[in-house]
Each structure stands twice: as C-alpha cells, then as structure tokens.
Amino acid sequence: MATAGKVIKCKAAVAWEPNKPLVIEEVEVAPPQANEVRIKIVATAVCHTDLHHLLESMEKEGFPVVLGHEAAGIVESVGPGVTEFQPGDKAIPLFISQCTECRFCKSPKTNQCEKAWVGSHNVLPLPKSRFTCKGKKLLQFTGTSTFSEYTVVNQMAVAKIDPAAPLDKVCLLGCGICTGYGAAVNTAKVEPGSTCAVFGLGAVGLAAVMGCKAAGAKRIFAVDINPDKFEKAKVLGATDFLNPKDHSKPVSQVLSEMTNGGVDFSLECVGNVAVMRSALESCVQGWGVSVIVGWTDMEDFSARPVQLIGGRTWKGSVFGGFKGKYAVPQMVKNYLDKKVKVDEFITHNMTLDQINDAIELMKQGKCIRVVINVSSQ
Ligand code: NAD
Ligand code: ZN
C-alpha cells in the first residue's frame, strides 16, 4: 500500500469546542503504532452519544475531539505486532475494547474490558491520539473517531467482519443496533411469552424492540413522546404504542393498568433519569426487570427502595452486553442471513460535509439513523 507507514492527510469533522458546529478540516492521521490498525472509514452514523458529548456533557477537557463511534471501514495498514488484521480486511471499530486476556474479558458475565484504552470523558488520553490538525493534537472520542476518512484504533477494539458485508449498512452494528438488541436479549434476558416496554424509539430503542420480539415477547409497548416514531416501532415488532403526553396519569400507571400490574421487562433508551425511574416503576413487582440503556453521567437518579425490595431488578447495559470481537461479526452474519434488520433503521444518507445537518436532524427527532458515506467501498 502506497500510504502504509506514512502520515495520511485527509478530511475529518473536528469538534473544537462544546456546543458548536463541527468543522470539516484537513487532519493528519499518523501511521499505526504497535498493536494498532489504521482504517479507511467507508460509512459512519451519528448516535445520540456523540450528541451527548458535544451538546450535553459540555466538558471542556473533552475537546478538541473527533467524534463518531458507529462505523465500518477497510483496514489500510497495520502496526507492528498485529497478526489478526491485514490491509483490505473489512472491519468495525469497537468503542468497548476486548483484549480477551483480562479478568473481565475472561468472564462470561460482562463485556467490560480492564484494558479499555479510553480514559475519562470518554476520550483517549492525548499521547495515544493519532490525529493532528493545525499543529494541535485532537482527542479521539471513545478511542474510535470515525467522523474522519481515516482513523487509528487499537487492535483490541476492532472486529473483523464478513467481506460480503455492505459497509454502508453494517456500520450501524458498531453501536446502536447491537446496544438495543443486546440489552433485550443479553441483559434483560427477555423471555418467550413475556410483556415488555421500551422507552425511547431512536435506533437504540427500536433495536431493543427488535430484540424483545426475537426473544419471543408476546406484547411489546413502544413508548415515545414523538409519535412519528411509532410506525418504525411497528415494523420492528411493537404491538402497542404509548405517548406519555396523551395521558394525564404517569405512563407507569397506564402500563400497569394495561398489563395487570406492570410489564415483565422494561428498557430505558432515552438517557433521562426521570424516564429511568418511570421504566422501573412500569415493571411488575416480584420479578420485573428494568434495564438502563440511555446514556447520561450528568445527573443522579432516584427511586423508592420499596420498588426493589418488592422484587424488581434494576440493571444497566453497555453495548448490549456484547463482547464486540465475537458478537459484531456474528451480528453482521445474522444481518446477511436476514435474521436481524438493519436497513429499516437508515432514514437518510449524507456526506461528511453534511455532518452538521445530520446532527441537527437527530436533535430535532427527524431521523432514526443518518448514514454518512465517507469514502467509496
Ligand atoms: P435518539 O435521540 O435517536 O432517540 C431517543 C428517543 O427518545 C427519541 O425518539 C425521543 O423522542 C425519545 N424520548 C425523549 N424523551 C422521552 C421521554 N421523556 N419519554 C419517552 N421517549 C423520549 O437516540 P439513540 O441514538 O437511539 O440513543 C438513545 C440513548 O441511548 C442515548 O441516551 C444514547 O446516548 C444511549 N446509548 C447508550 C449506549 C450504551 O451502550 N448504553 C450506546 C449507544 C447509545
Ligand atoms: Zn453510540
């Protein structure tokens, strides 16, 4: 490869400071060092967690940064010590690493990895960033930074996928779809014949609906304050639709009345502490399980202890509990075998130059996923 071992100059969307539009800049992406892989990003999507970092967390220490963590691409070159990847491999970067060696990676109970190479504020410590712009180092969000034509990722945070996979579709398996689907299947462990409620019908919540259906739930309540989301929820398997704004009673009470005391499983896919409480209170005493998927590290939540004393379980889930290196290639295969849906989540296709329009669409709730076509496959 002509570019191997050299600095690549390419386009990336840079977030110079919180709550400002991203700027398309020429950046320098250094060659991969030991155990690192440089990837040409073919397609990336915008996830609400990117917006959270840019617009909600407002942590100055997290800037300037290249956002983006839901993507797929082609390996351009590899650093010393990399044996698992070769130039030309199709790959999906992972925002949760899987070193396969630490006590967490060795345990079937979790997908957390002790060697997670991301530090505080969800960014890679500066010395590890391979991005420079105008002489200044840029942080790598979640260690991935996919709003760029090229990125460098540690090999423990990359999944190799089927060469037949269309990258402009399977990029969504890098975060949103695996997150919601796995939260239902792996974390909640939804049971056949059960009743479920999913709060928030973005890509994460819609994927949770798909997971509940795959697990055999007989009734799936789709809850959102934006009724435009109900149509897609139906396509993915929801049976009942609830807009909390249509009811004078709390939505947990409405659900309780409709289900003889509450649902068996609830999933919060919004990132709002009040909704987290509501989702907990929507599940049935005795055995109800409520899973927090929505992301926030800004606020505390509250609940009455009796909710848990009465037998409910409150859990959280990151990346659907999936160990990325094993699960992402399998989910790609499931998509190719038509066992999981992906195309249905894509409402728009854009170019990297239009990234701020994509962010605006998500802010306004007018998209499910915008796929940014960054480079040709
Ligand atoms: P999104 O913005 O596309 O969807 C959020 C949905 O929630 C929207 O449809 C919105 O109308 C709805 N909503 C807002 N307030 C509501 C309320 N009070 N009641 C019911 N619905 C409400 O976001 P997304 O990309 O699907 O992400 C959803 C959440 O999941 C975000 O918080 C994101 O940061 C988080 N996330 C978590 C993980 C993880 O690993 N745990 C991974 C990815 C994303
Ligand atoms: Zn995400």
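By contact I mean heavy atoms within 4.5 Å. I am working from a predicted model here.

**Helix 8**

I started with helix 8, residues 273-281, and listed its buried residues: Val-273, Val-275, Met-276, Ser-278, Ala-279 and Leu-280. Next I looked up what covers them, and the cover includes helix 7 (251-258) and helix 9 (305-309). Strands contribute too, among them strand 11 (195-199), strand 14 (265-268), strand 15 (289-292) and strand 16 (313-316). At the start of the helix I found a side-chain oxygen of Asn-272 within 2.8 Å of the backbone nitrogen of Ala-274.

Then I traced the open sheet: six strands, paired in parallel, in the order 13-12-11-14-15-16. Strand 13 (240-242) and strand 16 are the edges with a single partner strand each, so one side of each has no neighbour in the sheet. On average, neighbouring strands are turned by 20° against each other, direction ignored. I checked strand 15 against strand 16 and counted four bridges; Val-291 has Lys-315 of strand 16 as its bridge partner.

Helix 7 packs on this sheet, touching strand 11, strand 12 (219-223) and strand 13, and its direction makes about 155° with that of strand 13. Helix 8 lies across strands 11, 14, 15 and 16, at about 175° to strand 14.

**Zinc**

Which protein atoms are donors of the zinc ion (ligand 2)? I got Cys-47 (SG), His-69 (NE2) and Cys-175 (SG), at 2.0 to 2.3 Å. Cys-47 sits in the loop between strand 3 (36-45) and helix 1 (48-57), and Cys-175 in the loop between helix 3 (167-170) and helix 4 (176-188), so the pair ties together parts 128 residues apart in sequence. Both cysteines, Cys-47 and Cys-175, are buried.

Key
Residues numbered from 1 in each chain as written. Chains lettered and ligands numbered in written order. Predicted model: local features only at pLDDT ≥ 70, side-chain atom pairs only at ≥ 80, totals over all residues. Heavy atoms only, no water. Buried < 20%, exposed > 50% of the residue type's maximum accessible area, 1.4 Å probe, protein only. Helix = DSSP H or I, 4+ residues; strand = E, 2+ residues; numbered from the N terminus. Polar contact = N/O pair within 3.5 Å; in protein donor to acceptor, adjacent residues only side chain to side chain. Donors = N, O, S within 2.8 Å, 3.2 Å for Na, K, Ca; no water. Pairing = 2+ DSSP bridges. Axes fitted to C-alpha atoms, helices over the stretch in contact; angles between N-to-C directions.
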